[in-house]
Amino acid sequence: MKLFDPSVDNNEENAIKKVLHSHFWASGTGIGKVLEFEEKFRKYTKASRCISVNSGTAALHLALSLFNIKNKEVILPSLSFVSTAHAIIYNGGIPIFVDVKPDTLCIDPEMIKKSITKKTAMILPVHFAGFPCDLDEIIELRGKFNLEIIEDAAHAAGASYKNKKIGSHGNAVCFSFHPVKNLAMPSGGAITLNDKNERGFTEDLKSKRWMGISNRKGSKYDVKDIGWNYYMNEFSAAIGIEQLKKLDKTNSKRKEIACRYSKELHVEQKIPFNRNCSYHIFWITVNNRDNFIKKMQQNKIEIGIHYLPIHKMKFYNSKSKLPITEKITKNIVSLPIHPNLTDDDIDKIIKLTNKFSK
Ligand SMILES: Cc1ncc(COP(=O)(O)O)c(C=O)c1O
């Protein structure tokens, strides 16, 4: 049983065949799948704008570049994939790692407040596992201290906060469409914008995602700023359009599995059950992690670790003391949760987790 597995049917197959035979595979050409995906994802999240790129990492890199964070501090959780912190470094900022709440493992607004200094420019919350962060409290801090908020919503496609889809709250919200994610593509990402400067930002992002090119007229163009090769390709977009059509359905399946895990797993700690969560990850804690992973693997059940704390990585080597993050990252594991699991698979995962987690 795989830890992650995208839901794929004939619709994805037909969609990629159409792109293949169009002979136009890059974006900006051919059958316009990238533009179509952007507009459909924008409507789905009810954001003001949506700009697609070729990964969640690229989305974070470019979204952070919209604001000047050079030599300024950006507050983030250490419990995330390293891309979240790398995006700050790419833009010359200083990552300030803070602790998470013990129940949801999302960034703790109280800890954010304690870490704000004159150098703080931005808060970068992560909707960990697809569980929505306390956005109201974070947005209140934005107002009080004049900060920007960029959300890392790599896990949160389809998650909601206060009846609004994630993607419609922060100045800029970054999604990943990596093949393991709730909305899967071969690779892809997007930034949704809800900022008063959204028009200028859209132009900026479009230029930065393709080498800084602007003022393009036919084969002629100019470059006013540095840019990258970050555009989404037509195959990814065509698959993404099909994935988006079924996202609410596949997320409902994840919630059904999460509901069973919540009720039937007898473990020390687990992600809370909440209908607004997209359950990209279902995390629990176990007593002996190596042994648990080995035993589950012997029974053909793949187990993940999300994540090892970023602040302890050699490159970051931060002196920050984050007791909750440091404790939980010693015994956290992720169980398989995806729409392709059968009832028998779920029964087996529950039975063996209860057996081997002690
Ligand atoms: C929290 C988080 N942020 C950012 C990323 C980066 O996304 P991508 O792999 O599409 O570059 C990931 C991907 O795993 C992630 O989990």
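**Notes on the predicted model: cysteines, cores and rings**

1. Let's start with the cysteines: the model has 0 disulfides, taking a disulfide as a pair of cysteine sulfur atoms within 2.5 Å. As a reminder, a disulfide is a covalent bond between the sulfur atoms of two cysteines. For C174, the closest cysteine sulfur belongs to C50 and sits 11 Å off, too far for a bond. C277 is in no disulfide either, with the sulfur of C106 as its nearest, 8.2 Å away.

2. A word on the ground rules. This is a predicted model, where local features need pLDDT of at least 70 and side-chain atom pairs count only at pLDDT 80 or more, while totals for chains, interfaces and linings use all residues. Residues are numbered from 1 along each chain as its sequence is written, and side-chain values use heavy atoms, with hydrogens and water left out.

3. Are those two cysteines buried or exposed? C174 is buried at 2% relative accessibility, and C277 is buried at 0%. Here buried means under 20% relative accessible area, exposed means over 50%, and partly exposed is in between (1.4 Å probe, protein chains only).

4. Next, the largest nonpolar core, which has 50 residues. By nonpolar core I mean a set of buried Ala, Val, Leu, Ile, Met, Phe, Trp, Tyr and Cys residues joined through side-chain atoms within 4.5 Å. Among the residues with the most contacts inside it are Y261, W283 and L335. α12 (343-356) is one of the elements that give two or more residues, and α12 gives the most, with 5. Helices (H or I, at least four residues) and strands (E, at least two) are DSSP runs, numbered from the N terminus.

5. Where does this core lie relative to domain 1 and domain 2? Both domain 1 (10-244) and domain 2 (248-356) give residues to the core, so it lies between them. The domain bounds come from an automatic or database domain assignment. Take L335 as an example: leaving out residues up to four places away in sequence, L335 touches L3, Y261, L265, F282, I284, F292, I303, I349 and T353, with contact meaning heavy atoms within 4.5 Å.

6. A second, separate core has 31 residues, and C174 is in it along with I191, L193 and L322. Strand β9 (residues 189-193) is worth a look too: 5 of its 5 residues are buried, so the strand is largely enclosed by the rest of the structure. G189, I191 and L193 point one way from β9, and A190 and T192 point the other way.

7. β9 has two antiparallel partners to check. β1 (residues 49-53) pairs with β9 over 5 bridges, and V53 has G189 as its bridge partner. β8 (residues 172-176) also pairs with β9 over 5 bridges, with A172 opposite L193. Pairing here requires that DSSP finds at least two bridges between the strands.

8. Last, the rings: there are 17 aromatic pairs. Rings of Phe, Tyr and Trp (its six-membered ring) pair if their centres lie within 6.5 Å; planes under 30 degrees apart are stacked, over 60 edge-to-face, and the rest tilted. F128 and Y307 are edge-to-face, at 6.2 Å centre to centre and 65° between the planes. They are 179 residues apart and link distant parts of the chain. F128 and Y307 are both buried. F315 and Y316 have centres 4.9 Å apart and planes at 90°, so that pair is edge-to-face; F315 is exposed at 58%, whereas Y316 is buried at 13%.
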